Amino acid sequence: MPTYYITTLNFAIPFFITLIAIEIFFSKVYNKDYVIRGMDTLSSLCSGLTNIVKDVLGLTVIIVSYSYMVENLAIFNIESSLWVYVIAFFGIDFAGYWVHRINHSINYFWNHHIIHHSSEEFNLACALRQSISNFFSISFIFLIPTALIGVPAEVVGVLAPLHLFAQYWYHTRLIGRLGFLEYIIVTPSHHRVHHAINKEYLDKNLSQVFIIWDKLFGTFQEELEAVPPVYGVKRPLRSWNPIKINFSHLFLLIRDAWRTTNFIDKMKIWFMPTGWRPEDVEKKYPVKTIDSVYDYKKYYPNLSKELQIWSWYQFVVVFAFIMYFINNLHIISFSDAILLTVFIFLCIYSLTSLMDKEKASLVVEFIKLLFGFLLLVYTDNFYELGKLIPVYKIIISSYLIISFLVVGYFNRYELEKQN
């Protein structure tokens, strides 16, 4: 992972969290109708952490690298300049539109994107719901025009994360229409439409920075005053667990492919339009779908104040682990990094399944306890931490034991309550 990306994350992460805090402040002080639900926000933050870990490990397979395409396909040989950066940014945005459109259009690829639409709210935090299930990238197909022009790979490498971060700000309901900018860039109004499940809005406004692509390719829809957006996905997931959400659609496809008696359907289910299911499976194993978006009751289990406080505490601990992880990745072996990633994912899975009031949270917490001790004994993942805090093993061990006992307590007393 390039050093500049880690540096960018060190600035971007606190910046994003600060903006979320500002949005929460303004919603409470100036717009009390704009409710930001704590556990939904926490679920979004946890999703963002899983994506960071996956990204810094580089676990996405790139079928054809952009640098390879430039070296072998470029018609021109151009040097870096302001105009090259402008062309590259438009090229990345063009590719982003089409990848986004495919994610919405084809059954298999929807699994790459479902996490981003899984929140039943629309706020800055939900922008952090990014995929960990996109095992290979198809962006290279739509970057071919940029490669043909000869835009250097290092320019694309620098702009790609900036292009992603530029999509953050418009995930809010606090900002209304923005005048002439509505004709040029993606605005909060445009993106509210995109995240809505109203039939008028479904699969519209797929652009990422410049709204021109939707207008050119027929996927633009203006936000209508008479049609307030309702957010989420048509097949409600009803979970705070980002790891489960990331693979929910994939597991459904696997089950449907296994259950159908039609061999052709076993093959074509992966490439059919999003939501398509074999006829025999759909009849025998129906999946709950939201028919009337305005009558749907949002997912929000009844959690005690104590459990909510504990959940935020656990998030702070996991966040500390991840910041240590990304800033010491350069001195951690790849195998040890994978083990630490498994531990972090166990932390998040346990935390969010407890938020879902699932008894499996205690089982996962026990696995996390054992795995954490194994990390302390058999790996050097925390070597740098030991230089700063000599008693780090005692601190982490105490955390693991106390965490298991507290989760056990909540499993015994909290999960008995009705949702």
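Helix axes here are lines fitted to C-alpha atoms over the stretch in contact, and angles between them run from 0 to 180 degrees between N-to-C directions. On that basis, helix α15 (residues 334–355) and helix α16 (residues 360–378) cross at roughly 155°, and their axes come within 9 Å. The model is a predicted one. Helix α14 takes part in two of the pairs, with α18 and with α2.

**α15 and α16**

- Angles over 145 degrees count as roughly antiparallel, and α15 and α16 are therefore roughly antiparallel to each other.
- Their crossing is left-handed.
- From α15, the contact draws on Leu-339, Leu-340, Val-342, Phe-343, Leu-346, Cys-347, Tyr-349, Ser-350, Ser-353 and Leu-354.
- From α16, the partners are Ser-361, Val-364, Glu-365, Ile-367, Lys-368, Phe-371, Gly-372 and Leu-375.
- Sorted by class, the α15–α16 contact has twelve nonpolar, four polar and two charged residues.

**α14 and α18**

- Helix α14 spans residues 305–327 and helix α18 spans residues 392–413.
- The two pack at an angle of about 150°, and their axes are 12 Å apart.
- α14 and α18 are therefore roughly antiparallel to each other.
- α14 makes a left-handed crossing as it passes α18.
- On the α14 side, the contact is made by Glu-306, Leu-307, Trp-310, Tyr-313, Gln-314, Val-317 and Phe-321.
- On the α18 side, Ile-396, Tyr-399, Ser-403, Val-406, Val-407 and Phe-410 take part.
- The contact of α14 with α18 holds ten nonpolar, two polar and one charged residues.

**α2 and α14**

- Helix α2 (residues 38–57) packs with α14 at an angle of about 15°, with the axes 11 Å apart.
- Angles under 35 degrees count as roughly parallel, and α2 and α14 are therefore roughly parallel to each other.
- This crossing, too, is left-handed.
- α2 contributes Gly-38, Met-39, Thr-41, Leu-42, Leu-45, Cys-46, Leu-49, Ile-52, Val-53, Val-56 and Leu-57.
- α14 contributes Gln-308, Ser-311, Trp-312, Phe-315, Val-318, Phe-319, Ile-322, Phe-325 and Ile-326.
- The contact of α2 with α14 has 16 nonpolar and four polar residues, and no charged ones.

**The cavity**

- The structure holds one cavity of 30 Å³ or more.
- The largest cavity has a volume of about 90 Å³.
- Its lining has 13 residues, and those closest to the centre are Ser-118, Glu-120, Arg-238, Ser-239 and Trp-240.
- By class, the lining of the largest cavity divides into five nonpolar, three polar and five charged residues.

**The second largest pocket**

- The second largest pocket has a volume of about 640 Å³.
- A set of 31 residues lines this pocket.
- Trp-110, Ile-114, Val-233, Arg-235 and His-249 lie nearest its centre.
- Helices α9 (188–195) and α11 (242–259) each supply at least two residues of the lining.
- α11 gives the most to the lining of this pocket, with eight residues.
- The lining of the second largest pocket divides into 13 nonpolar, ten polar and eight charged residues.

Notes: Residues are numbered from 1 along each chain as its sequence is written. This is a predicted model: local features need pLDDT of at least 70, side-chain atom pairs count only at pLDDT 80 or more; totals for chains, interfaces and linings use all residues. Side-chain values use heavy atoms; hydrogens and water are left out. Helices (H or I, at least four residues) and strands (E, at least two) are DSSP runs, numbered from the N terminus. Angles under 35 degrees count as roughly parallel, over 145 as roughly antiparallel, 65 to 115 as roughly perpendicular and the rest as oblique. A crossing is left-handed if the near helix is turned anticlockwise from the far one by less than a right angle, and right-handed if clockwise. Contact means heavy atoms within 4.5 Å. Ala, Val, Leu, Ile, Met, Phe, Trp, Tyr, Cys and Pro count as nonpolar, Asp, Glu, Lys and Arg as charged, and the others, Gly among them, as polar. On a 1 Å grid over the protein atoms alone, a cavity is a set of points where a 1.4 Å probe fits but cannot get out, and a pocket is an open set with protein on both sides within 12 Å along at least five of seven lines; lining residues have an atom within 4 Å of a point. Grid points are joined across faces, edges and corners, and a volume is the space filled by probe spheres set on the points.
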